[in-house]
Amino acid sequence: MKSRLTLLFAGLLVILLFAAMSLFNHDKPRILILHSYTETGQWEQAVNEGINRELAQNRTPISIRWQYMAFTDQTDKIDWSDAAKQAEHVINTYRPNILVPIGEEAQKYVGRNYVNHAGMRIIYATSEHPSHFGYPDAANATGIREVLPLAEINDVLRYLRRQSVRIRVLGMDDETGRAEREQVKDFIWAPNRLVDVQLVPNFDAWKAAVHAANQDADVLIALSFNGLPLSATDAHPVDNKLLSTWTEHESKPLVIGVRVPFVEGGGALAVVPSAEGIGAQIGKRIITLLALKPGSALPRGSDSQDFLIALRPERLAQRKLSLPAIYTQAARASHTLFE
C-alpha cells in the first residue's frame, strides 16, 4: 500500500512539474524569426549570428523559433505562395509576440499581412523602403532597412583615384534587385555620374550587359545575383564562381560587388552591408521591445549601420590598382580577404 501511494505521489509530482513547465513556457514571450531564404545561406547564417550574439545578453526568458520560407535557391512564384501559407500556419499556431520577417519576400508575402495585428509586434529587415509594406504608419512595426554602402563605394573610388567616373550598375531582376535599384537611383553619386541601372533575367542577359558597359562606363557595380538563371530556356542558377570570374575577366570597367560571393567567386572587390551587423541591430531591437510595456510606442525604424570589405588583392593588382592597408586589414578581420 505504501509503495502504491509513493508511486501515486510521484506520478502527481511529475504531472504538476510538466504543468508548471508548460505554464512557464506559455507565459514566456514568443519570438518568430522568419527568413525569406534558406537555412544554409551564408547571409542568413550571418544574420542569425548577429541576432544570437545580442540575445545572449538578454536576461528575460523567451521562446524563440526559426522559420525559412525557401528550402532551395530556385523558387518560383507558386512556391512563394505555398511558402507563405506554410509560414502563416506556423505564425497562427505559434502565435508569436514578436514577428521578425527578414528579406523582401518575407515582407511581401507574410509580414505586411500582420500590420496592426493585435498582440503582435513586427521587427522587419528589408532592403526595400518600409513604406512599401505599410510599416511606417503601423503602430506595431519597427525594424531595420538594409542600406547598400553606396557612400562607402564612392569613398573607395576616391582612394583608388577614380573620381568623376561613369558608373553602370547591373543586377538580377527579382525582389532584391528591384529594391537595390531603388537605392542606387536615390543616391547622389557626385562627383561621379550614374549612367544606368540594368536588371537582367538570366546569365545570358548579364553577359550582354557587361559587354555593353565596356563601351561607356569606367566602373561597373554588380548587385545581388544569387540564383540568377542560366538562360531563357534553362532555369538552373548560374554558379556564383562562374559568374564572378567571367564578369571580372570580361569587364573593362573596374567591377565592385555589393555581396561577398562576388569576391569569393573570383572578383576583386566588394563593399558589402554587414549581415551580422544587421542581425545585431535586430537582436538589440528585440531586447528593446521585450522591455516595453504594453501600449508603449515602438522605436522608429532605422537604417543598417555596418559594412565590410571583401577583397582579392591579386585581382585588383592586375588592374594596376591598390587600396590603403587599412582596407586589407578590415577584410582580414571579417574573414573576407581572399588570397
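## Strand pairing

β3 and strand β4 (residues 121-126) pair in the parallel sense over 3 bridges; strands pair if DSSP finds at least two bridges between them. I102 stands opposite A125 in β4. The model is predicted: local features need pLDDT of at least 70, side-chain atom pairs count only at pLDDT 80 or more, and totals for chains, interfaces and linings use all residues. Residues are numbered from 1 along each chain as its sequence is written, and side-chain values use heavy atoms, without hydrogens and water.

The open sheet has 6 strands, in the order β2-β1-β3-β4-β5-β11, with parallel pairing. β2 and β11 are the edge strands, each pairing on one side only. Strands (E, at least two residues) and helices (H or I, at least four) are DSSP runs, numbered from the N terminus.

## Helix α2

α2 covers residues 42-55, 14 residues in total. From first C-alpha to last it reaches 20 Å, close to the 20 Å expected at 1.5 Å a residue (1.5 Å times one less than the number of residues).

Its buried residues (under 20% relative accessible area, 1.4 Å probe, protein chains only) are E44, A46, V47, N48, G50, I51, E54 and L55. Their cover includes β1 (30-35), β2 (63-68), β3 (98-102) and α10 (275-291), with contact meaning heavy atoms within 4.5 Å.

## Second largest pocket

A pocket is an open set of points on a 1 Å grid over the protein atoms alone, where a 1.4 Å probe fits, with protein on both sides within 12 Å along at least five of seven lines; lining residues have an atom within 4 Å of a point. The second largest pocket holds about 340 Å³ of space, the volume filled by probe spheres set on the points. Of its 18 lining residues, Y124, Y135, P136, R300 and G301 are closest to the centre. β5 gives the most to this lining, with 3 residues.

Definitions and conventions: Buried < 20%, exposed > 50% of the residue type's maximum accessible area, 1.4 Å probe, protein only.
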